[in-house]
Amino acid sequence: MQVQLPATDETTLTPVLRESKGLRADRASGRCALHSCWSRSLRHQSRRRQRPRLKILQPQLQFASPGLPPLWLIRAKLVTEFDVNGLKVLVKRREGSQTAVVGLFLRGGATNINEKNAGIEALMLDLASEASANFPRERMRSESSRMGTNISYGINYDYSALIMGTTRRNLDRSWQMFTDVALHPSFAPDDFERVKNRLIVARNDDQDTPDSYLQQLQSRSVYAGHPYVNNPEGTAESIKRLTLEDVKRYHQQVMQTSRLLLVVVGDVDPQQIRSGLQLRSANFRAGTTRHRLRRHWRSIVPPWTSPRATCRPTM
């Protein structure tokens with residue numbers, strides 16, 4: 001607050017000036033004291049924040065000691081790897097976990113398609129997750145809702161995956177549903193038309209959004225002459241040309257053990273997974289895989305321009 005000085009003589013002015021100077025001095029000393037307290041508080045808080053970091057680092061330093069194995073080695077012992085009729089299987093056991101996740105990965109991605117059939121892999125996985133030979137659409141949806149099971153798919157430029165998430169108590173029944181979806185999808189004509197139209201609408205929406213359309217133009221320029229120039233999601237024009245027979249033929253082509261990798265994570269016994277796969281080993285075809293992605297392309301593509309992955313859950 002500003003001090004008003006009265007227009008009086010010098011004898012009256014002197015006490016007022018002294019009072020004003022004293023008020024300013026008190027304010028300045030108060031600001032200095034407040035700044036000092038605030039600085040001490042910040043230093044105290046910073047020391048308190050640093051203390052938990054030291055405690056967190058202590059277990060990591062223990063693993064680095066010569067007497068104990070490193071952390072990556074302990075985690076690696078929890079993973080069991082084996083082959084069933086040429087199918088590589090990885091099982092990671094998580095004791096006490098109430099959920100389980102299964103992923104069937106397909107090798108290839110952009111190297112499996114061309115400009116004419118781009119989007120066929122996404123269409124096949126989306127259509128396969130709708131229904132199977134032993135689990136029609138209504139039955140699959142009712143049992144999935146009852147057990148808390150979700151079957152979805154994900155796709156990117158290097159691989160795609162058919163993914164299942166479920167609870168531990170319902171893993172056996174969900175496993176039957178998952179294997180039937182992967183090996184014996186129904187591929188019903190009405191489901192094909194519905195899923196196909198849904199993907200076409202989604203691809204048209206990508207061109208309506210400026211950011212998505214700019215990313216498509218950037219990919220065409222960066223990956224010109226490279227297999228990544230073909231988007232695994234496809235375009236509206238390429239998906240319109242696909243037929244149901246094309247999808248069935250593509251499913252027979254890619255569902256081969258040389259192209260597949262099965263990953264199971266949860267509180268499961270690897271021997272039970274092996275036994276269940278051996279019963280269905282006759283349904284898996286070995287096949288052969290030809291890599292069209294040459295080695296010199298790997299040195300050309302910079303790591304920061306790797307395409308994004310998409311994953312859509314199915315209802």
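## Salt bridges

A salt bridge is counted where a side-chain nitrogen of Lys or Arg lies within 4 Å of a carboxyl oxygen of Asp or Glu, and by this rule the count comes to 16 salt bridges. The structure is a predicted model, in which local features need pLDDT of at least 70 and side-chain atom pairs count only at pLDDT 80 or more, while totals for chains, interfaces and linings use all residues. Residues are numbered from 1 along each chain as its sequence is written, and side-chain values use heavy atoms, with hydrogens and water left out.

Aspartate 246 and arginine 249 form a salt bridge, with 3.0 Å from N to O. Both residues lie in helix α9, 3 residues apart, which is about one turn of the helix (helices are DSSP runs of H or I with at least four residues, strands are runs of E with at least two, and both are numbered from the N terminus). Aspartate 246 is partly exposed, at 24% relative accessible area, whereas arginine 249 is exposed, at 52% (buried means under 20%, exposed over 50% and partly exposed in between, with a 1.4 Å probe and protein chains only).

## Pairs between separate parts

Aspartate 267 is joined to arginine 93 by a salt bridge whose closest N and O atoms are 3.4 Å apart. Aspartate 267 sits in the loop between β6 (260–266) and α10 (270–279), and arginine 93 in strand β2 (residues 87–93), 174 residues apart.

In another salt bridge, glutamate 143 meets arginine 173 at 3.1 Å between the closest N and O atoms. Glutamate 143 belongs to helix α4 (residues 137–147) and arginine 173 to helix α5 (residues 171–183), so the pair ties together parts that are 30 residues apart in sequence.
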